[in-house]
Amino acid sequence: MAKLLKIQTSIFQNDGQSSLLADQFVKNWQARNPDGQVTSRDLAAEPVPHLDLARFQSFITPAEERTAEQKAVVSYSDALIEEIAAADVLVLGIPMYNFSVPSTLRAYFDHIARVGVTFQYTPEGPEGLLKGKKAVVFITRGGYYGEDHAQTAFVRQFLGFIGIADVEFVHAEGLAVGDEARDKALSAAQERIAQLV
Ligand SMILES: Cc1cc2nc3c(=O)[nH]c(=O)nc-3n(C[C@H](O)[C@H](O)[C@H](O)COP(=O)(O)O)c2cc1C
């Protein structure tokens, strides 16, 4: 049974433009995969805590030396990793906030980048351990920055680092420019979705 994990990050939650595009993709995917299993995570509704020193130290402390508090921190991160590791398809809804991804996504990434778990260092360089997945990323922006912007590059680099190299990006830009620009961008994104599934 195919499994899909949808992660939305808009502060508008289900009403965010990025969430709506991600939902449209998921709906089409479900129509094609009637037995497929969908799991949803809303990082605005349920934010992942920021990575602080205590949390990072919990990750790097050998398992047998962890305190009860550190074990709880690691279990939380392990659960996030198990969720993404179980997925065949990852769908991300990501608005541009202040030229970057929402800070909630950054905090989530900090919890799933774990040496020896989601990546490892080899003599040839880092190797991502979450292999064999496909990701579809919906990026929404008020203005126009292009598909090569650092926001997109960061998401591509992070996913690649943990082993997810097969990534499709769908950008809907100019959503704050005016009704005409917004409708055009959203229609183009809908067309891409129809082609993707
Ligand atoms: C806090 C905040 C910061 C934003 N920063 C940017 C920005 O730096 N560049 C941009 O093009 N749009 C920016 N926008 C506009 C959003 O990217 C745009 O409205 C997008 O459609 C939001 O997606 P969402 O509805 O999924 O949240 C910002 C919006 C908010 C609420």
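Predicted model: local features only at pLDDT ≥ 70, side-chain atom pairs only at ≥ 80, totals over all residues.
**Helices around helix 3**

Let's start with helix 3, which spans residues 68–86 and packs with helix 4, residues 103–112. The two axes sit 8 Å apart, at an angle of about 95°. Angles of 65 to 115 degrees count as roughly perpendicular, so helix 3 is roughly perpendicular to helix 4. On the helix 3 side, the contact is made by Y76, S77, L80, I81 and I84, while helix 4 brings Y108, H111 and I112. Sorted by class, that contact has 6 nonpolar residues, 2 polar ones and no charged ones.

Helix 3 also meets helix 2, residues 53–60; here the axes come within 9 Å and cross at roughly 85°. Helix 2 and helix 3 are therefore roughly perpendicular to each other too. From helix 2, the residues involved are R55, Q57, S58 and F59, and they meet Q70, V73, V74, Y76 and S77 of helix 3. The class make-up of this contact is 4 nonpolar, 4 polar and 1 charged. Y76 and S77 turn up in the contact with helix 4 and again in the one with helix 2.

**The cores**

Now for the inside. The largest nonpolar core has 28 residues, and the members that touch the most others are L90, Y108, I112, V137, L159 and I164. At least two residues each come from strand 1 (3–8), helix 3, strand 3 (89–95), helix 4, strand 6 (134–140), helix 5 (150–161) and strand 7 (166–172). Helix 4 is the top contributor, giving 5 residues to this core. Y108 and I112, listed above for this core, also belong to the contact of helix 4 with helix 3.

What does L159 touch, leaving aside residues up to four places away in sequence? The list is L90, L92, A135, V137, I164 and V167.

**Some single residues**

| Residue | Relative accessible area | Class |
|---|---|---|
| T118 | 0% | buried |
| T152 | 1% | buried |
| F99 | 53% | exposed |
| Y121 | 58% | exposed |
| N98 | 72% | exposed |

T118 sits in the loop between helix 4 and strand 4. Its side chain has a polar atom 2.6 Å from the backbone oxygen of I112. Beyond four places in sequence, T118 touches I81, I112, A113, E127, G128, L129, L130, F161 and I162.

T152 belongs to helix 5. With residues up to four places away left out, T152 touches I139, R141, G146, E147, F169 and H171.

Y121 lies in strand 4, residues 119–122. Though exposed, Y121 still touches V115, P126 and F161, again not counting residues up to four places away in sequence. F161 is also on the contact list of T118.

Finally, which loop holds N98? N98 is in the loop between strand 3 and helix 4, and F99 is found in that loop as well. N98 has a positive phi of about 50° although it is not a glycine. F99 has a positive phi too, of about 70°, and is not a glycine either.

Key:
Residues numbered from 1 in each chain as written. Heavy atoms only, no water. Axes fitted to C-alpha atoms, helices over the stretch in contact; angles between N-to-C directions. Helix = DSSP H or I, 4+ residues; strand = E, 2+ residues; numbered from the N terminus. Parallel < 35°, antiparallel > 145°, perpendicular 65-115°, else oblique. Contact = heavy atoms within 4.5 Å. Nonpolar A, V, L, I, M, F, W, Y, C, P; charged D, E, K, R; others polar. Core = buried A, V, L, I, M, F, W, Y, C linked by side-chain atoms within 4.5 Å. Buried < 20%, exposed > 50% of the residue type's maximum accessible area, 1.4 Å probe, protein only. Polar contact = N/O pair within 3.5 Å; in protein donor to acceptor, adjacent residues only side chain to side chain.
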